[in-house]
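Let's take a walk through this assembly, chain by chain and contact by contact.

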Amino acid sequence: MTKKMNESFASLVILVPIIGAFTIPLFAKISPRMRVLAATIIAFSTSLLAMSLIPFVIGGNEFILRKPLILGFDFVLIVDALSVFMSIAASFIGALIVLYSAGYISHDENQTEYYFMVLLFIGSMMGLVYSANLIFMYIFWEITAICSWRLIGFYRLKEFVVKANKAFLITFLGAVVMLLGFILIYNQTNSFDLTTMRGTMVPGMAVLLILIGMFSKSATLPLHTWLPDAGIAPSTVTSLLHAAVLVKIGVYAYARIFCWTFQMPDTWYQVIPVIVIISSLVAAGAALVENDLKRILAYSTVSQIGYIFLGLSTMNPIGIAGAILFLLMHGLAKGGLFLCAGIVEHNTHKRDIRELGGLIKTMPITAICFLLCALSVIGIPPFGGFFSKFMVIMGAVKAGQFWIAGLGLFIAVLTAVYLFRVFNMVFLGDYSKLDIDIKEKTKSMLFVVIVLAGCSLLAGIFVNYPMKLVNVATSEITRWLTPWLAAQHY
Amino acid sequence: MNIFLLCGLVCFSALAITMHNLLKSAICLGVASIFLAVLFFRMGAPYAGVFEVSIVAGLITVLFITTIVLTKREGGVKERKLTNIFFLLFFIIFIMIDFFVMKGFIGNLPNMPVGSPNLAENNNFSKVLWQYRTLDLVGQICAIFAGVFSVLALFRADKKENNNE
Amino acid sequence: MTNGEGELLFVFIVLPLVVAGIMPLIGKLSKKVVPDILTNLTTFFLLAYSIIVGKQIIFSGIYTTKFSWFGEPMNISLTLDGFSLLMLVTISIVSFCVTLFSIDYMEHYGHKANYYSLLLIMIAGMNGLVLSTDLFSIYVFLEVAAIASYGLVAYGLGHNELEASFKYLMLSAVASGFIVLGISIIFACTGSLTFSEVAIGIHLVNAKYLVGFCAALFLMGFGLKAALVPFHAWLPDAHPSAPAPISAMLSGVLIKVSGAYAIIRIFLNVFGLTYALSTVLMYLGLISIFVGAIIAIGQNDMKRMLAYSSISQIGYIFIGIGTGSPLGILGGLFHILNHAVFKSLLFLNSGAIEQATGTRELDKMGGLAKQMPLTATTNAIGSLSVAGIPPFNGFWSKLLIIIALVQTQHYAFAVLAVLGSVITLWYYLIIQRNAFFGKPEEIWKNVKEAPFWMSCATVILALLCIVIGVTFPFVIKTFLVPATDILASGVSYLYNFLGY
Amino acid sequence: MASSTTLLISILLPAVFAVIVFLIPSKLRALRNAFSLIGAAIVLCLGFYLFGVKNAELNIPWLGMDINFDLRLYHLNSLIIMAVSVFLFLITIYSFVKMKEHPRAREYYTYLFLTVAFVNGAVLANNFVLMVFFWESLLVTLYGLIAIGNKEAYKTALKSFILVGFCDFCMILGIGILWYLTGSLNMPLAPLDPSSSGLAAVSCVLMLIGALGKAGVMPFHTWIPDASKDAPVTVMAFIITVIDKMLGIYLFVRISLDFFVIGMNSALSMFLMILGALTIIFALFMTFVQNNLKRMLAYQSIGEVGYMILGIGSATPVGIAGGIFYMLNQTLFKGGLFLSAGSIEHRTGTTDFDKLGGLRNKMPLTMICFVICAVACCGLWPFNGFVSEEMVMHGAKETGYIIFMIAAWIGTALTAASMLKAAHSIFWGKENKELSKIKESELLITLPIIVLALLCIVFGVHNYLPIVMFVEPIFYGYTGFLEHSGFTAHALNFFNPVAITSFVCILLGVIVYLYGWSKNSKNAASSSESVRSFPVLKNIYNLAEAKIFDIYDQGLKFLKVLGYILYYGVDRVIDFMYEKIIAGTVRVVGAILRFAHNGYYANYLAWCIGGLIIIVAVISLLS
């Protein structure tokens, strides 16, 4: 793949969805069908573009595109294994969700804005993933905040919009505090360009500020309450937010900033796992008690995100590899769960799991897919989730944090308990409670759910293919780490 | 001597504010401006004194009195009790501060650097106005325009009301 | 200093004045059409002219004029340096959009000719103020703009319009009084009024306390014009009652020109920014950010909320300038330009809503996005850029200000400024939620979209928000860097350039 | 190295069969039965072939970071693969008839073959990650197999999933810590001494929890009795008694031999033997009380696990050999008992003692095999049970502690009593009217039972055959095991103190049963009432009925309470903090400030002048 090709592909991956988003209103003028078609084509072309970068990146070489602007804000794109893997994970699941939403919101109004925002969301996610300049990473970060605000408030009811505002405010607060952290770093190294700052030590204060931003975006303990509240959005949006894109941003930023580039003061490597494990414990506890289907899945996202952070903060190859793999596996599985919840809600118009029951007779395919995805989220072997959770736990153990690893496994059991509680209540149990007969209507929604469940299973069995890319990414991340690791007597 | 004039000016303007009856306060305002004019003359600013007497003491006071008489609303404006006391208190504090601070300033006010071209002594008022301050003249024109047009705008209402197109 | 081109600069003041003069006559001929066209032509010409002249300025340094009229040597010294160019461009952008907007909006107010004349005089006053090099002429042109704005604020002739305008008149009269006192003290000290001589004079006669006192007086006077916190009280009363284009003009431009420009020019170029002045400026800025923002949240009237938000954004400008570092000044100036653009956009939007629905109460408005899509989108763009969300222009100026604050070790200020922008976003989301984003109410069923010219003005401003946001390096390089160099060089700028 | 690829085939083949069986539409039952029989046969041959191949190795790079796909065949796992394949064949034959009209038979066969594939994988794996991969996949098939039982089966399936899942997660933690200590994820060659460091002990205990949890040892056993009620009997017979026990004990042996060094009388072996003893006593006391054949056999199998742990835990050569041989025997007679219970259920539809009675002349074959297996299970003289039990007793005796011997004796007595109770109430009790026209179950059902019964006899009488062929080769690699390995010497001689005492215990058991039987008016089913009403035992039994000891129910209650604490204690508090505190304070401050703007001109003027004074003061102070 010549250099020219990569350059064009890298910028194309970002431009196609963003420009595509702007063309959606035009297609909407033609006909609603055209709009849906255009949206899906754009989404799938983004993921194809992202995948086309694999052969270049699998060799382990990376590629940096630089366009200098004023005052150190130069636009820098970096194409390496980490960013390609992340962009594939996000765009593939995003594309599936767009396909799914064709059937899901076919009868709601202001769909043009919906597709516009979803594509803009995926586009800015691509932008964030490839940008290596802190300021441009912040810009795309905020664009996703805007899109998620508009999407959460999609149903336009008064209390929904209040929740959307709350989500936007908390993420904006976190993001702005993170910007302060970036500026502190800029103050020290007077450059925003990550590629030039690999391995430099970062002051504790800047780390704290940036972490607050990341925790607000990927909903970790102190700043996580907006994610369950965002459950009121249409379930395609919640699945987009939780599984595919939004929560992954915070974690990806952590990987890119604190694993790939900067070195944190040592106390932080003990503090972060503790915060993160407590957050996933609390979220798992909350999920056990909640009764709204979407809120339970939201809390389970909060607790799974804890694992990814745990993996990344162990700073050893197996932990980081586990965390990166976790991104993909969790995306697939959680996306599947949310879309099944979407089908259930779409047909029964009920969200409280106590009212649902015995749906397996009328919706067998959704039930089976829900079960498969749930098993992958819990981390049971034939599914992909196992490897990622296993490696994260191994990383934690290797980093010497046995209590945290033990707690991590206890939380996995908790996850099993609350996910099966949902499965038993919604799909098994007695069917009498529901008076209306529910049939699995739209085929496109089912197709997407089956694909997601299948992918989780296949990713489990043929785990060595994604693992190749993940290993390349981990070796890149740990390139500057190894001297530091040696110092830490590993 | 100047001090007495200054005290007269200050207490008359204070009276103008606290007086309940509109007519009386307009008259007090007129007297205060006369005091000011005398002060100008004594301090060697004849042009300023002339303007003060003719326009402020004469024209504006007359305008005030005519409007008050025309509108025949004898009733005074009763300020709330609180603001009066507050005003008095404020007034005294301001006087005291002024007294101390000014002493410090006047003490070390540097003498006027001699020889800057546009000082009033060695050329007359008109030369200064036309040659050295022409931009301010343009400003004056704009100010007059602004005044005229805002009066026009504000008083257009009655025409609009009666023919209410 | 190239003589001869003086006429070029003088046009900025004379043209609006002349057109204002002939406007009542035209008013007699045709009530609506000709005044509209004429005024829009003048404001468009001013906009184009300022940009073209600006282009030359960038390459050939500073413009001062001395020209004779009918043989007699007139010494009208007007300077157009980077900073005043920036202000000119801001004034002309906002005034062009305001005049476009008022074509439809002023229909039911009647007597457009009168309205346009007052508006043009106000523009002339502001241009004059920006170009003048003399303390006293700044004061004069300030008064011109103020008088015009009193008239315009009370244009609606309702009870509370008159009361608000009277309150505004009285307060600014007090302010002008203090300004004149300051100028006279300066005159007493240095014996002259032009910036250069005053600067030299102050430098010679080291009357530190006296200069401090005059600075305080100026700060009070111009601060009231710029609606800084202790002196801000008139703004929230003046805006709701003023017609929408006027409040856009008022808080979009007048505050910045008569308040911010004057303070910045005097403090930085004439007095030279000492530690005392910069701390006072920064603390005033910070207080006004928080007071403005916190009061704005509780408001129910949309325009009062926007007024308080202007107070808070002005605070950002003063914090930026107060740091004194080149980056801080750059951020402050950029925020002047940005704030002018998106604040006038928001006011014009509120005007459009008021005309369409007849109410300014936020809780009465339902989801208007359905019936007024264009206004909704432009309002969303405006709100997001005020709050400082990246793709739009507000973000860059706030970013520069915060970077400057961090670089000059004012960490507490940086954190509070950041918190301020979060609260800003909060109350703009309240506007969005009540006005546009919610479920459409039945009573607004038959609400129509804003008429052509009004929406055209708002679209221009919204596009401007996005364009400045995206092409910010170009905007900074052409307009802002020259202005910053002048201000950053401080008093020395006057020595070598203007001492003729 | 053709044999190394056969290792891979032995994993993939059953999986492929599973997929094919799943794809065959459920209507073509005959085709599916035929295909699964052929599949089982092929797996059987593969098993025997692998047993023939002594050693084989296969490693393929898999995930990098020394996680690679390497399998290793040696005597122990070839033995297990062969045993599993034999049982698979028997169970498939058995299921033809038993599962004929079962609605979800298709899923049953798929899960069956998948389980065999995963077992082969787990047993052959030489890398910990691979072993855990296959080991935990069994969770899914176990959940599936139990869930296809009756309508309420999904609750028990979940219970088993959670309990066994918890044990597997403990094992993962143990493996992690072991990796931390030894630095490599491959099965370590040099065994680690658990007493060397605290961590090693913790890792060993955790891995033991994993192994024994699978086998169903005391605290984690509660899902097995429920499963026996809900799951189909073939699942109980094959999966729970054969596969789980074998896998659990296999890993237990690997831990005690390869990964860690468990010395005789060391703390760890003491812990294990106590655990074994407790399990024996608790489980067998519960067994005697049950009045449903399947639940009784379930509790009994837990008891037998206790014996195995006692044997292997004693860390004496004869004890370990005894434990392993016990495992083999247990699969035989327990499998036989379950299958015969299945045939009874097939015919009569129930396995409750009080509903059954007098089947001896109606179902002669089942009766004979049931009696043979029951007697073998009690450890009567000529049968295989006796040999293995005696070896376990010898092992326990060698450690010098008598307490464990006593526990074993009580165990034997109780087994004998419960077996007699079962046999008597089913076959010799009063005739039950409805059961008059019962015939013997078809040949396909009785054939596997007969084969198992015969094996019990053969393994008993010619016990040197299984010991030499199966048990002894396991110890070839290990030093200090072979010198005094004369197992076969005194295998069957009856006249040594240990054998006699165990015979006495059996008699004691019979007497207890007869006493109970006579007291409760000759009714076999309620013969255990007398023991049930024993003063101390009574309230223990009541507690057990009320599920006090059931770790799953207590665990769920604990999790529920934890959830409530976390949710209302932490999550809602944070949310309250955002919603009320921040929003509230800002609005209050806003209200205060708004109060200051009351529109009076005088106020505003005062503000301005006050501001001026302050600024003057500040500037003069600072400059």
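What percentage of the 165 residues of chain B count as buried? The figure is 13%. Keep in mind that everything here comes from a predicted model.

Let's stay with chain B for a moment. As for how the chain folds back on itself, take the contacts in chain B with a separation of 6 or more: 49% of them are between residues 24 or more positions apart.

Now pick out helix 6 of chain B, residues 134-154. This helix has 21 residues and spans 30 Å from its first C-alpha to its last, close to the 30 Å expected at 1.5 Å a residue. Quite a few positions in helix 6 of chain B are buried, among them B:Leu135, B:Val138, B:Phe145 and B:Phe149. The buried set there also includes B:Asp136 and B:Ser150.

Next, look at how the chains meet. Five pairs of chains are in contact, and chains A and D share the most contacts of these. Here 36 residues of chain D are in contact with 39 residues of chain A. On the chain D side, two or more residues come from each of strand 1 (56-64), helix 5 (128-147), helix 6 (153-182) and helix 21 (551-596). Helix 6 of chain D gives the most, with 13 residues. Sorted by class, that side of chain D has 27 nonpolar, five polar and four charged residues.

Chain D also meets chain C, where 29 residues of chain C are in contact with 24 residues of chain D. Helix 6 (159-190), helix 8 (208-225), helix 9 (234-241) and helix 11 (275-298) of chain C each supply at least two residues to the side touching chain D. That side of chain C has 22 nonpolar, four polar and three charged residues. Chains A and B, on the other hand, do not touch, and their nearest C-alpha atoms are 40 Å apart.

Finally, the nonpolar cores. The largest has 662 residues, and A:Leu119, C:Ile121 and D:Cys373 have the most contacts inside it. Helix 7 of chain A (residues 158-189) gives the most to this core, with 20 residues. Domain 1 (336-540) and domain 2 (570-622) of chain D each put in at least three residues. Zoom in on A:Leu119 and you'll find it touching residues including A:Pro17, A:Ile24 and A:Ile42. A second, separate core of seven residues includes B:Ala26, B:Phe35, B:Leu36 and B:Ala37.

Methods:
Residues are numbered from 1 along each chain as its sequence is written. Chains are lettered from A and ligands numbered from 1 in the order in which they are written. This is a predicted model: local features need pLDDT of at least 70, side-chain atom pairs count only at pLDDT 80 or more; totals for chains, interfaces and linings use all residues. Two residues are in contact if their C-beta atoms, placed from the backbone, lie within 7 Å. Helices (H or I, at least four residues) and strands (E, at least two) are DSSP runs, numbered from the N terminus. Ala, Val, Leu, Ile, Met, Phe, Trp, Tyr, Cys and Pro count as nonpolar, Asp, Glu, Lys and Arg as charged, and the others, Gly among them, as polar. A residue is buried if 20 or more other C-beta atoms lie within 10 Å of its own, exposed if 12 or fewer, and partly exposed in between; C-beta atoms are placed from the backbone. The expected span of a helix is 1.5 Å times one less than its number of residues. A nonpolar core is a set of buried Ala, Val, Leu, Ile, Met, Phe, Trp, Tyr and Cys residues joined through C-beta atoms within 7 Å. Domain bounds come from an automatic or database domain assignment. Lists of a residue's contacts leave out its neighbours within four places in sequence.
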